[in-house]
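Please walk me through this structure.

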Amino acid sequence: MDCLTSFITPQLETIHVGKVRDSVRINDATRLIVVTDRISAFNKKIKTPIPHKGAVLNSIANFWFSQTKHIIDNHVIKQIDDSMTLVKEATPIRVEMVVRGYLTGSMWRGYESGKRAFSGTVVPDGLVKNQAFEQPILTPTTKDDDDTEINEEQIIQAGLVSDDMYQLMKEKALALFSFGSSYLLERGIVLVDTKYEFGILDGELTLIDEMHTPDSSRFWSKEDYDSNPSTAEQIDKEFVRQWMLANKIDGEVPTVLSDEVVVETSKRYREILKIVTGSAYQVPHESAKERMLKNLCANDLMYPTTIHIVHASGTDSEFINRIEGQCKNNKMATNRVAESASTYADVSVYVNSLDHPIVLAIGVQDDLQSSLKNLGLPLITATTDDTIEDIMTRLGKVVQ
């Protein structure tokens, strides 16, 4: 199946690779969020991607961003592809605002063992699994690998955010949860719990990252919950977690999913999209990479082709400069790589590049030429005795 597992190109700088999302620098004020088909569970990166998952998540998040601007502004500029969104560059606040409407999940496991205080919020005795709280509660965590609990006093003392700004974060998080809960309830879904992330943009609190997606939220079917609250089945990626728990290998959960689980998970994500937005996901006819490249080029963020200029040390830099200038005139990006022990590795990184890579080897040794040929990429060899016009003609024929 066609899946997007990474974003690779020498034309744009990847500044962060998360569990699911890759962040790519456009300029100082703008970044590109690429939502891949990767999936994680139990803080593990699953090796098996889920077809169309990234596109579905991106569409759900952007739907919610557009629906909640009356509550708080967000970082979205525009969605340029099923899997990609341009956003404003904000300074992130290193706190996740977790809002819980029900006693379930890890909180229930702690409660069952006697714990009553969660991120500074004390819950009463006598509650049962999956019971609704009288009012949604906040249990903030730090943005680390373990989602460590942190209370309001610790947040302020650590200087993560000012007291006034934190009070605003609380207000907005609860307002977003209330809006999302009401909206989803009308569609037969219970928003059990979720998390919000905020940043500072031009001095103002701004909603960032994602919201109300199956990756960041827990959902129940209202009908299922009403009939038997204690066994309500989650309709998010809990399906994957339960399969992993049931298929442990030597006591460890697997990181490779079965074909059946992959198909079912992809189906469930698309079903949630339709319930939330009212629109079904239309599976594209072209591959994810080709679709993304086309949309990046249409938005003048990339060129369709990168010429990797591998040159012998001592090659006239002016000669290479002229080639680079001609490539730019013909809407081809360039990546200059000097001949060295690491040259093959430096170029091989881009074998699966989003753009169409071509290798131009200028005056390099025969053994390196042979190695570069083994990459399986189009390879053109030249020397400084060749004319720029001839080299560009040969490149043009390959690009065509």
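Helix α9 passes helix α12 in a right-handed crossing. A crossing is right-handed if the near helix is turned clockwise from the far one by less than a right angle, and left-handed if anticlockwise. Helices here are DSSP runs of H or I with at least four residues, strands are runs of E with at least two, and both are numbered from the N terminus. The model is predicted: local features need pLDDT of at least 70, side-chain atom pairs count only at pLDDT 80 or more, and totals for chains, interfaces and linings use all residues. Residues are numbered from 1 along each chain as its sequence is written, and side-chain values use heavy atoms, with hydrogens and water left out.

Two packed helices are described by the angle between their axes and the distance between the axes. Axes are lines fitted to C-alpha atoms, for helices over the stretch in contact, and angles run from 0 to 180 degrees between N-to-C directions. For α9 (residues 317–329) and α12 (residues 388–399), the axes come within 10 Å and cross at roughly 45°. That makes α9 oblique to α12. The angle classes are roughly parallel under 35 degrees, roughly antiparallel over 145, roughly perpendicular from 65 to 115, and oblique for the rest. On the α9 side, Phe319, Arg322, Ile323, Gln326 and Cys327 make the contact; Ile388, Ile391, Met392 and Leu395 meet them from α12. Contact means heavy atoms within 4.5 Å. By class, the residues of this contact are seven nonpolar, one polar and one charged. Nonpolar covers Ala, Val, Leu, Ile, Met, Phe, Trp, Tyr, Cys and Pro; charged covers Asp, Glu, Lys and Arg; the others, Gly among them, are polar.

Now turn to helix α1. Helix α1 (residues 53–67) packs with helix α4 (residues 163–185) at about 115°, and their axes are 12 Å apart. That makes α1 roughly perpendicular to α4. Their crossing is right-handed. Phe63, Trp64 and Gln67 of α1 make the contact with Phe179, Gly180, Tyr183 and Leu184 of α4. Five of these residues are nonpolar, two are polar and none is charged.

Helix α1 also packs with helix α7 (residues 259–277), at about 20° and with axes 9 Å apart. The two are therefore roughly parallel to each other. This crossing is left-handed. From α1 come Lys53, Val56, Leu57, Ser59, Ile60, Phe63 and Trp64; from α7 come Tyr269, Arg270, Ile272, Leu273, Val276 and Thr277. Nine of the residues in this contact are nonpolar, two polar and two charged.

Side chains of opposite charge can pair when their charged atoms come close. A salt bridge is a side-chain nitrogen of Lys or Arg within 4 Å of a carboxyl oxygen of Asp or Glu. How many does a search of the whole structure find? The count is 22 salt bridges.

Asp215 and Lys53 meet in one, at 2.8 Å, N to O. Asp215 lies in the loop between β14 (204–208) and β15 (217–221) and Lys53 in α1, so the pair ties together parts that are 162 residues apart in sequence. Both Asp215 and Lys53 are buried. Buried means under 20% relative accessible area, exposed over 50%, and partly exposed in between, using a 1.4 Å probe and protein chains only.

Glu89 and Arg31 form another salt bridge, at 2.7 Å, N to O. Glu89 sits in the loop between β7 (84–88) and β8 (91–102) and Arg31 in strand β3 (residues 30–35), so this pair ties together parts that are 58 residues apart in sequence.

Glu152 pairs with Lys170, with the closest N and O atoms 3.0 Å apart. Glu152 belongs to helix α3 (residues 152–157) and Lys170 to α4, 18 residues apart. Glu152 counts as partly exposed at 28% relative accessibility. Lys170 is partly exposed too, at 22%. Salt bridges that share partners also join Glu96, Lys143, Lys195, Glu197 and Asp209 into one network.

Which residues of α2 (residues 105–112) are buried? They are Gly105, Met107, Trp108, Gly110 and Tyr111. Their cover includes β8, β9 (117–118), β11 and β15. Gly114 follows α2 and has a positive phi, near 110°.

Strand β11 (residues 132–138) holds Ala132. Ala132 is partly exposed, with a relative accessible area of 37%. Not counting residues up to four places away in sequence, Ala132 touches Gly101, Tyr102 and Tyr225. The C-alpha atoms of Ala132 and Leu103 are separated by 6.4 Å, and the two residues are 29 apart along the chain.
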